[in-house]
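Thanks for making the time this morning.

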Amino acid sequence: MNNNEMKLEFDAISENEGFARVAVAAFITPLNPTLEEINDVKTAVSEAVTNAIIHGYEEKGGKITIRCHISGDFLTLIVEDKGKGIEDIDKAMEPLFTTRPDMDRSGMGFAFMEAFMDNLEVESKPGEGCRIIMEKKLGLSPWIEQEEETVRESIHSR
Amino acid sequence: MVEEMKVEKEYLMIKMPEEIDHHNSVEIGKRADRFILSEKIEHVVFDFEKTRFMDSSGIGILIGRYKRISCFGGKVFAVHADRQIKRLLLLSGLEKIVEIMD
Ligand SMILES: Nc1ncnc2c1ncn2[C@@H]1O[C@H](COP(=O)(O)OP(=O)(O)OP(=O)(O)O)[C@@H](O)[C@H]1O
Ligand SMILES: [Mg+2]
(Lines give C-alpha, C1' and ligand atoms only; values in the text may rest on other atoms or scores of the structure.)
(Ligands and ions follow the chains in the order given, each with its own letter.)
Protein backbone atom coordinates (compact mmCIF):
# COMPACT_ATOMS: atom_id res chain seq x y z
CA MET A 1 0.00 0.00 0.00
CA ASN A 2 1.47 3.34 -0.98
CA ASN A 3 1.16 6.50 1.06
CA ASN A 4 1.80 9.92 -0.36
CA GLU A 5 1.15 13.46 0.73
CA MET A 6 1.40 16.97 -0.65
CA LYS A 7 0.62 20.51 0.39
CA LEU A 8 0.10 23.52 -1.85
CA GLU A 9 -0.31 27.12 -0.84
CA PHE A 10 -1.22 29.75 -3.40
CA ASP A 11 -2.85 33.14 -3.83
CA ALA A 12 -6.63 33.29 -3.94
CA ILE A 13 -6.89 34.63 -7.48
CA SER A 14 -8.91 33.15 -10.33
CA GLU A 15 -5.78 32.46 -12.41
CA ASN A 16 -4.94 29.73 -9.89
CA GLU A 17 -8.20 27.77 -10.26
CA GLY A 18 -6.88 25.88 -13.29
CA PHE A 19 -3.49 25.41 -11.68
CA ALA A 20 -5.00 23.93 -8.52
CA ARG A 21 -7.10 21.29 -10.29
CA VAL A 22 -4.31 20.28 -12.66
CA ALA A 23 -1.86 19.96 -9.74
CA VAL A 24 -4.23 17.69 -7.81
CA ALA A 25 -5.02 15.66 -10.96
CA ALA A 26 -1.28 15.13 -11.54
CA PHE A 27 -0.80 14.08 -7.93
CA ILE A 28 -3.44 11.33 -8.09
CA THR A 29 -2.36 9.97 -11.51
CA PRO A 30 -0.17 7.17 -10.03
CA LEU A 31 -3.36 5.63 -8.57
CA ASN A 32 -4.61 4.93 -12.11
CA PRO A 33 -7.89 6.78 -11.70
CA THR A 34 -10.42 6.53 -14.51
CA LEU A 35 -10.94 9.61 -16.69
CA GLU A 36 -14.28 10.12 -14.99
CA GLU A 37 -12.67 10.01 -11.54
CA ILE A 38 -10.04 12.56 -12.59
CA ASN A 39 -12.81 14.84 -13.84
CA ASP A 40 -14.78 14.38 -10.61
CA VAL A 41 -11.78 15.36 -8.49
CA LYS A 42 -10.97 18.33 -10.75
CA THR A 43 -14.54 19.59 -10.45
CA ALA A 44 -14.48 19.24 -6.65
CA VAL A 45 -11.15 21.12 -6.41
CA SER A 46 -12.44 23.84 -8.71
CA GLU A 47 -15.60 24.29 -6.61
CA ALA A 48 -13.77 24.51 -3.28
CA VAL A 49 -11.05 26.84 -4.57
CA THR A 50 -13.53 29.11 -6.36
CA ASN A 51 -15.62 29.34 -3.19
CA ALA A 52 -12.56 30.40 -1.20
CA ILE A 53 -11.76 33.10 -3.77
CA ILE A 54 -15.29 34.48 -4.25
CA HIS A 55 -16.95 33.95 -0.89
CA GLY A 56 -14.15 33.42 1.63
CA TYR A 57 -11.95 36.31 0.46
CA GLU A 58 -14.64 38.18 -1.52
CA GLU A 59 -12.16 38.53 -4.39
CA LYS A 60 -9.81 40.67 -2.31
CA GLY A 61 -7.14 37.97 -2.19
CA GLY A 62 -5.58 35.84 0.54
CA LYS A 63 -4.01 32.40 0.71
CA ILE A 64 -5.57 29.04 -0.08
CA THR A 65 -4.06 25.78 1.13
CA ILE A 66 -4.70 22.40 -0.45
CA ARG A 67 -3.55 19.23 1.24
CA CYS A 68 -3.79 15.85 -0.46
CA HIS A 69 -3.24 12.56 1.21
CA ILE A 70 -3.23 9.22 -0.53
CA SER A 71 -3.44 6.01 1.42
CA GLY A 72 -3.66 2.99 -0.81
CA ASP A 73 -6.38 3.88 -3.29
CA PHE A 74 -8.02 6.37 -0.96
CA LEU A 75 -7.74 10.12 -1.49
CA THR A 76 -8.28 12.76 1.19
CA LEU A 77 -8.44 16.33 -0.10
CA ILE A 78 -8.50 19.35 2.21
CA VAL A 79 -9.06 22.88 0.91
CA GLU A 80 -8.69 25.69 3.39
CA ASP A 81 -9.04 29.47 3.48
CA LYS A 82 -8.76 32.06 6.24
CA GLY A 83 -11.57 34.20 4.88
CA LYS A 84 -14.87 35.34 6.29
CA GLY A 85 -16.28 31.89 7.03
CA ILE A 86 -19.84 30.55 6.80
CA GLU A 87 -22.66 31.58 9.17
CA ASP A 88 -25.02 28.67 8.52
CA ILE A 89 -23.28 25.63 7.07
CA ASP A 90 -26.44 23.52 6.57
CA LYS A 91 -28.10 26.33 4.65
CA ALA A 92 -24.95 26.95 2.56
CA MET A 93 -24.85 23.28 1.53
CA GLU A 94 -28.42 23.20 0.22
CA PRO A 95 -28.48 22.83 -3.57
CA LEU A 96 -29.28 26.12 -5.34
CA PHE A 97 -28.57 28.19 -2.22
CA THR A 98 -26.24 31.08 -2.98
CA THR A 99 -25.45 34.40 -1.33
CA ARG A 100 -24.20 35.77 -4.67
CA PRO A 101 -26.96 35.44 -7.29
CA ASP A 102 -25.86 38.89 -8.44
CA MET A 103 -22.66 37.45 -9.88
CA ASP A 104 -24.25 34.52 -11.72
CA ARG A 105 -23.48 31.94 -9.05
CA SER A 106 -25.94 29.07 -9.09
CA GLY A 107 -25.56 27.56 -5.62
CA MET A 108 -24.44 24.18 -7.01
CA GLY A 109 -20.85 24.12 -5.74
CA PHE A 110 -21.40 22.06 -2.60
CA ALA A 111 -23.90 19.83 -4.41
CA PHE A 112 -21.23 18.98 -7.03
CA MET A 113 -18.58 18.31 -4.36
CA GLU A 114 -21.05 16.01 -2.64
CA ALA A 115 -22.02 14.23 -5.87
CA PHE A 116 -18.50 13.74 -7.20
CA MET A 117 -16.67 12.78 -4.02
CA ASP A 118 -17.56 9.92 -1.66
CA ASN A 119 -17.58 12.10 1.42
CA LEU A 120 -17.74 15.83 2.15
CA GLU A 121 -17.30 17.69 5.42
CA VAL A 122 -17.41 21.43 5.94
CA GLU A 123 -15.85 23.10 8.97
CA SER A 124 -16.21 26.84 9.35
CA LYS A 125 -16.58 29.62 11.87
CA PRO A 126 -17.61 33.14 10.91
CA GLY A 127 -14.50 35.34 10.76
CA GLU A 128 -12.08 32.42 10.87
CA GLY A 129 -12.30 30.79 7.48
CA CYS A 130 -13.41 27.53 6.00
CA ARG A 131 -12.06 24.01 5.74
CA ILE A 132 -13.48 21.55 3.20
CA ILE A 133 -12.58 17.91 3.70
CA MET A 134 -13.35 15.50 0.89
CA GLU A 135 -12.66 11.82 0.44
CA LYS A 136 -12.81 9.49 -2.53
CA LYS A 137 -11.79 5.97 -3.33
CA LEU A 138 -10.00 5.91 -6.68
CA GLY A 139 -9.19 3.41 -9.39
CA LEU A 140 -12.49 1.58 -9.71
CA SER A 141 -11.81 -1.52 -11.75
CA PRO A 142 -13.02 -1.34 -15.38
CA TRP A 143 -15.94 -3.72 -14.87
CA ILE A 144 -17.35 -1.63 -12.03
CA GLU A 145 -17.15 1.44 -14.23
CA GLN A 146 -18.86 -0.47 -17.01
CA GLU A 147 -21.63 -1.42 -14.61
CA GLU A 148 -22.08 2.18 -13.48
CA GLU A 149 -22.39 3.20 -17.11
CA THR A 150 -25.07 0.61 -17.79
CA VAL A 151 -27.08 1.70 -14.76
CA ARG A 152 -26.84 5.37 -15.73
CA GLU A 153 -27.89 4.64 -19.29
CA SER A 154 -30.90 2.63 -18.17
CA ILE A 155 -31.99 5.46 -15.87
CA HIS A 156 -31.69 8.11 -18.54
CA SER A 157 -33.23 6.15 -21.40
CA ARG A 158 -36.50 5.84 -19.53
CA MET B 1 -8.58 29.78 -26.13
CA VAL B 2 -11.47 32.21 -25.98
CA GLU B 3 -15.14 31.64 -26.72
CA GLU B 4 -16.49 32.76 -30.09
CA MET B 5 -19.84 34.46 -30.47
CA LYS B 6 -21.83 35.17 -33.57
CA VAL B 7 -25.36 36.16 -34.40
CA GLU B 8 -27.42 34.13 -36.85
CA LYS B 9 -30.88 35.60 -37.37
CA GLU B 10 -32.44 35.76 -33.91
CA TYR B 11 -29.96 33.29 -32.42
CA LEU B 12 -26.78 34.08 -30.50
CA MET B 13 -24.36 31.20 -31.06
CA ILE B 14 -21.61 30.80 -28.47
CA LYS B 15 -18.78 28.33 -28.98
CA MET B 16 -17.70 27.64 -25.41
CA PRO B 17 -13.97 27.41 -24.58
CA GLU B 18 -12.02 24.28 -23.66
CA GLU B 19 -12.27 24.99 -19.93
CA ILE B 20 -15.05 26.92 -18.22
CA ASP B 21 -14.50 28.14 -14.67
CA HIS B 22 -14.89 31.32 -12.64
CA HIS B 23 -11.72 32.70 -14.27
CA ASN B 24 -13.41 33.12 -17.65
CA SER B 25 -17.15 32.73 -16.91
CA VAL B 26 -17.72 36.35 -15.85
CA GLU B 27 -16.36 37.65 -19.15
CA ILE B 28 -18.40 35.14 -21.20
CA GLY B 29 -21.58 36.24 -19.42
CA LYS B 30 -20.81 39.93 -19.95
CA ARG B 31 -19.98 39.51 -23.65
CA ALA B 32 -23.16 37.50 -24.22
CA ASP B 33 -25.21 40.18 -22.47
CA ARG B 34 -23.77 42.89 -24.71
CA PHE B 35 -24.98 40.93 -27.76
CA ILE B 36 -28.35 40.29 -26.15
CA LEU B 37 -28.84 44.00 -25.43
CA SER B 38 -27.56 45.42 -28.70
CA GLU B 39 -28.93 42.95 -31.28
CA LYS B 40 -32.29 41.40 -31.96
CA ILE B 41 -31.55 38.17 -30.16
CA GLU B 42 -34.27 35.84 -29.00
CA HIS B 43 -32.47 32.59 -28.32
CA VAL B 44 -28.99 31.64 -27.10
CA VAL B 45 -27.18 28.47 -28.17
CA PHE B 46 -24.23 27.26 -26.09
CA ASP B 47 -22.02 24.88 -28.05
CA PHE B 48 -19.85 22.69 -25.80
CA GLU B 49 -18.14 20.78 -28.61
CA LYS B 50 -14.64 21.93 -27.59
CA THR B 51 -15.28 21.97 -23.84
CA ARG B 52 -13.36 19.41 -21.79
CA PHE B 53 -13.87 20.90 -18.32
CA MET B 54 -16.66 22.82 -16.65
CA ASP B 55 -17.69 23.57 -13.07
CA SER B 56 -20.67 25.36 -11.51
CA SER B 57 -19.50 28.61 -13.14
CA GLY B 58 -20.83 27.23 -16.43
CA ILE B 59 -24.20 26.48 -14.84
CA GLY B 60 -24.29 30.11 -13.67
CA ILE B 61 -23.69 31.37 -17.22
CA LEU B 62 -26.64 29.34 -18.56
CA ILE B 63 -29.04 30.30 -15.76
CA GLY B 64 -28.01 33.97 -16.02
CA ARG B 65 -28.72 34.12 -19.77
CA TYR B 66 -31.98 32.20 -19.31
CA LYS B 67 -33.15 34.84 -16.82
CA ARG B 68 -32.36 37.58 -19.34
CA ILE B 69 -34.15 36.15 -22.36
CA SER B 70 -36.91 33.89 -21.03
CA CYS B 71 -39.19 36.78 -20.09
CA PHE B 72 -39.34 37.66 -23.80
CA GLY B 73 -40.05 34.07 -24.81
CA GLY B 74 -36.43 33.27 -25.58
CA LYS B 75 -34.92 29.82 -25.21
CA VAL B 76 -31.52 28.55 -24.13
CA PHE B 77 -29.97 25.57 -25.92
CA ALA B 78 -26.99 23.42 -24.88
CA VAL B 79 -25.49 21.41 -27.72
CA HIS B 80 -22.62 18.90 -27.98
CA ALA B 81 -22.29 18.54 -24.21
CA ASP B 82 -20.16 15.50 -23.32
CA ARG B 83 -21.10 13.03 -20.60
CA GLN B 84 -19.46 14.95 -17.79
CA ILE B 85 -21.09 18.26 -18.75
CA LYS B 86 -24.47 16.59 -19.17
CA ARG B 87 -24.10 15.24 -15.64
CA LEU B 88 -23.61 18.79 -14.34
CA LEU B 89 -26.60 20.08 -16.32
CA LEU B 90 -28.87 17.30 -15.05
CA LEU B 91 -27.68 17.51 -11.43
CA SER B 92 -28.59 21.20 -11.55
CA GLY B 93 -32.02 20.42 -13.00
CA LEU B 94 -31.28 22.55 -16.06
CA GLU B 95 -33.17 20.21 -18.37
CA LYS B 96 -36.28 22.05 -17.15
CA ILE B 97 -35.19 25.38 -18.59
CA VAL B 98 -32.54 24.50 -21.20
CA GLU B 99 -32.97 22.36 -24.32
CA ILE B 100 -30.16 19.85 -24.17
CA MET B 101 -29.34 18.49 -27.62
CA ASP B 102 -26.53 16.36 -29.09
N1 LIG C 1 -15.06 29.26 1.52
C2 LIG C 1 -16.19 29.90 1.81
N3 LIG C 1 -16.20 30.98 2.65
C4 LIG C 1 -17.35 31.63 2.96
N5 LIG C 1 -18.56 31.29 2.47
C6 LIG C 1 -18.63 30.22 1.64
C7 LIG C 1 -17.45 29.46 1.28
N8 LIG C 1 -17.86 28.47 0.46
C9 LIG C 1 -19.19 28.59 0.31
N10 LIG C 1 -19.67 29.63 1.01
C11 LIG C 1 -21.09 30.04 1.10
O12 LIG C 1 -21.90 28.93 0.75
C13 LIG C 1 -22.78 29.28 -0.33
C14 LIG C 1 -23.01 28.06 -1.22
O15 LIG C 1 -21.82 27.65 -1.86
P16 LIG C 1 -21.92 26.86 -3.25
O17 LIG C 1 -20.55 26.63 -3.77
O18 LIG C 1 -22.80 25.68 -3.06
O19 LIG C 1 -22.72 27.88 -4.18
P20 LIG C 1 -22.18 29.24 -4.82
O21 LIG C 1 -20.70 29.31 -4.73
O22 LIG C 1 -22.95 30.36 -4.24
O23 LIG C 1 -22.62 29.05 -6.35
P24 LIG C 1 -21.85 28.13 -7.44
O25 LIG C 1 -20.85 27.28 -6.70
O26 LIG C 1 -22.92 27.31 -8.07
O27 LIG C 1 -21.24 29.05 -8.38
C28 LIG C 1 -22.11 30.44 -1.03
O29 LIG C 1 -23.04 31.26 -1.72
C30 LIG C 1 -21.46 31.17 0.16
O31 LIG C 1 -22.40 32.00 0.82
MG1 LIG D 1 -19.48 27.77 -5.29
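This is a predicted model: local features need pLDDT of at least 70, side-chain atom pairs count only at pLDDT 80 or more; totals for chains, interfaces and linings use all residues.

Let me begin with the place itself: ligand 1 sits in the largest pocket. Which elements give two or more residues to the shell around ligand 1? They are helix H2, covering residues 35-56, and helix H4, covering residues 109-116, both of chain A. Of these, H2(A) supplies the largest share of the shell, with 5 residues.

Turning to individual residues, there are 20 around ligand 1, and those that come nearest are His55(A), Thr98(A), Thr99(A), Arg105(A) and Ser106(A). Although these five belong to chain A, the residues that surround the ligand come from chains A and B, and therefore the site is shared between chains. If we sort the shell by class, we find 10 polar residues, 7 nonpolar ones and 3 that are charged.

In His55(A), a side-chain N or O atom lies 2.6 Å from an oxygen atom of ligand 1, while Asp81(A) places a polar side-chain atom 2.9 Å from a nitrogen atom of the ligand. Gly56(A) takes part through its backbone, with a polar atom 3.4 Å from a nitrogen atom of ligand 1.

Finally, how much of the ligand's accessible area does the protein cover? On its own, ligand 1 has 600 Å² of accessible area, and the protein covers 97% of that.

Methods:
Residues are numbered from 1 along each chain as its sequence is written. Chains are lettered from A and ligands numbered from 1 in the order in which they are written. Side-chain values use heavy atoms; hydrogens and water are left out. A residue is near a molecule or strand if one of its heavy atoms lies within 4 Å of it. A polar contact is a pair of N or O atoms within 3.5 Å; within protein, one must be able to donate a hydrogen and the other to accept it, and residues adjacent in sequence count only if both atoms are side-chain atoms. Accessible areas come from the Shrake-Rupley method with a 1.4 Å probe; for residues, only the protein chains shown count as cover. On a 1 Å grid over the protein atoms alone, a cavity is a set of points where a 1.4 Å probe fits but cannot get out, and a pocket is an open set with protein on both sides within 12 Å along at least five of seven lines; lining residues have an atom within 4 Å of a point. A molecule sits in a cavity or pocket if more than half of its atoms lie within 2 Å of its grid points. Helices (H or I, at least four residues) and strands (E, at least two) are DSSP runs, numbered from the N terminus. Ala, Val, Leu, Ile, Met, Phe, Trp, Tyr, Cys and Pro count as nonpolar, Asp, Glu, Lys and Arg as charged, and the others, Gly among them, as polar.
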